[in-house]
Amino acid sequence: MSDSTAAPTGPVVEVANMAFTPSSITVNVGETVTWKFEDRGTPHDVVGVGDARAVLHSPPLQTGTFAFAFAEPGTYQYTCSFHPDMHGTIVVR
């Protein structure tokens with residue numbers, strides 16, 4: 001879900017300076033994480049790694065937000081498909 005007008009209600013991951021910040025967070029089942037994209041016009045996305053690939057993927061964005069509600073516990077690793085050195089982890093308990 002991409003929506004640049006809705007205010008995030010849960011944790012926010014900033015996508016700027018070629019990094020996900022914070023790079024690792026822990027949330028509870030049912031919480032929604034919002035990624036806020038603002039990296040001076042550089043497109044990024046959120047793409048799950050391993051098992052997370054099937055559920056976690058955003059469209060490429062230069063600005064705006066992507067939100068995902070985590071329904072199952074586990075560790076979700078992700079990257080940016082444009083910049084594979086960018087990594088993040090969401091731990092859902």
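Strand β1 (residues 12-16) pairs with β2 in the antiparallel sense over three bridges, where strands are DSSP runs of E of at least two residues, numbered from the N terminus, and two strands are taken to pair if DSSP finds at least two bridges between them. Within these strands, E14 stands opposite T21 in β2. The structure is a predicted model, in which local features need pLDDT of at least 70 and side-chain atom pairs count only at pLDDT 80 or more, whereas totals for chains, interfaces and linings use all residues. Residues are numbered from 1 along each chain as its sequence is written, and side-chain values use heavy atoms, with hydrogens and water left out.

The strands β2-β1-β4-β6, in that order, form an open sheet of four strands with mixed pairing. Because β2 (19-21) and β6 (63-69) stand at the edges, each with a single partner strand, one side of each is left without a neighbour in the sheet. From one strand to the next, the twist averages 20°, the angles being taken on a scale from 0 to 180 degrees between the N-to-C directions of axes fitted as lines to C-alpha atoms.

The loop between β4 (32-38) and β5 (47-48) contains H44, which counts as buried at 1% relative accessibility, buried meaning under 20% relative accessible area with a 1.4 Å probe and protein chains only. The side chain of H44 is joined to that of D39 by a polar contact of 2.8 Å and to that of H83 by a polar contact of 3.1 Å; such a contact is a pair of N or O atoms within 3.5 Å, of which, within protein, one must be able to donate a hydrogen and the other to accept it, and residues adjacent in sequence count only if both atoms are side-chain atoms. When neighbours within four places in sequence are left aside, the residues in contact with H44 (heavy atoms within 4.5 Å) include V15, M18, F37, P59 and M86.

Methods:
Buried means under 20% relative accessible area, exposed over 50%, partly exposed in between (1.4 Å probe, protein chains only).
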